[in-house]
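Colleague: I'm new to this structure and would like to learn how to read it. Could we go through it together, one feature at a time?

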Amino acid sequence: MIDTVIFDVGGTILDESHEFAAWADWLGVPRHTFSAVFGAVIARGLDYQETFRVFRPDFDLTAELERRAAAGQPESFAEEDLYPDARGCLESLKDQGLFVGLAGNQPAHAEATLRDLDLPVDVIGTSHGWGVAKPSPAFFERVVAAGGGVASSILYVGDRPDNDVRPALDAGMKTCLIRRGPWGHILDPSTVAERCLFRIDSLDELPSLVAKHNAAGG
């Protein structure tokens, strides 16, 4: 049975297109060029920050975030950056009596911003707040603890086969892979897809899948 559903943030409930465009503008790079390089970096299995270093070899994310904030252009997101299917999915799962949460790799400002969105969730965890990031096993240990402590009753939902699905499976959780965002479309999920409980293209699909799974006794 699934008692708990925990969602990744960026690329899963949060559309990061606006922020990718903001970084391209900040670096003075055409958005199309930035997107193309971003895709190439992902396809090569590199850390996404290598995208920035293509254009600025000495790029330091922490320092650059501080510069953006000082210039009045902080990294941010708002209600309009949520995927249209995100809030409804969370609400539907809560209506089923499930424990619902968010846990993803997010910077310092993100947890407060997520709380301000007043999403229908029971817990919010971020890599900055927890002091550990995906795909570290320690991150997923925190997910299990936040989700009630029983890994096999938790469904982790994410867009990345490498950072989300594989380590969540290794931690003993059930998984759902959503195919959207850069990583979801570029990375080949074939090696992990067959191990997922669900594979979806929209969060609209998830509540009924969970309900049917639980109605069948897991």
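**Reading the contacts, then the fold and the pocket**

Colleague: Leaving aside its neighbours within four places in sequence, which residues is Glu19 in contact with?

Modeller: Contact means heavy atoms within 4.5 Å. By that rule, and with those neighbours set aside, Glu19 touches Arg68, Glu75 and Ser76. This is a predicted model, where local features need pLDDT of at least 70 and side-chain atom pairs pLDDT 80 or more, while totals for chains, interfaces and linings use all residues. Residues are numbered from 1 along each chain as its sequence is written, and side-chain values use heavy atoms, leaving out hydrogens and water.

Colleague: Where does Glu19 lie, and is Glu19 buried or exposed?

Modeller: Glu19 sits in helix α1 (a DSSP run of H or I, at least four residues; strands are E, at least two). Its relative accessible area is 10%, so Glu19 counts as buried (under 20%, with a 1.4 Å probe and protein chains only). The side chains of Glu19 and Arg68 are joined by a polar contact of 2.7 Å (N or O atoms within 3.5 Å, one able to donate a hydrogen and the other to accept it).

Colleague: What does the side chain of Lys134 make a polar contact with?

Modeller: The partner is the side chain of Asp164, at 2.5 Å. Lys134 belongs to the loop between α7 and α8 (137-146), and a relative accessible area of 8% makes Lys134 buried. Beyond its neighbours within four places in sequence, the contacts of Lys134 include Asp8, Asn105, Phe139, Tyr156 and Asn163.

Colleague: How many helices and strands does the protein have?

Modeller: There are 12 helices and six strands. The C-alpha trace spans about 55 × 35 × 30 Å along its principal axes. Of the 218 residues, 50% are buried. Among contacts between residues at least 6 apart in sequence, 60% join residues at least 24 apart.

Colleague: Which residues lie nearest the centre of the largest pocket?

Modeller: A pocket is an open set of points on a 1 Å grid where a 1.4 Å probe fits, with protein on both sides within 12 Å along at least five of seven lines; lining residues have an atom within 4 Å of a point. Here 40 residues line the largest pocket, and Glu16, Tyr48, Asn105, Gln106 and Pro107 lie nearest its centre. The elements giving two or more residues to that lining are α1 (17-27), α2 (31-43), α4 (61-70), α7 (127-130) and α9 (161-170). Helix α1 gives the most, with four residues.
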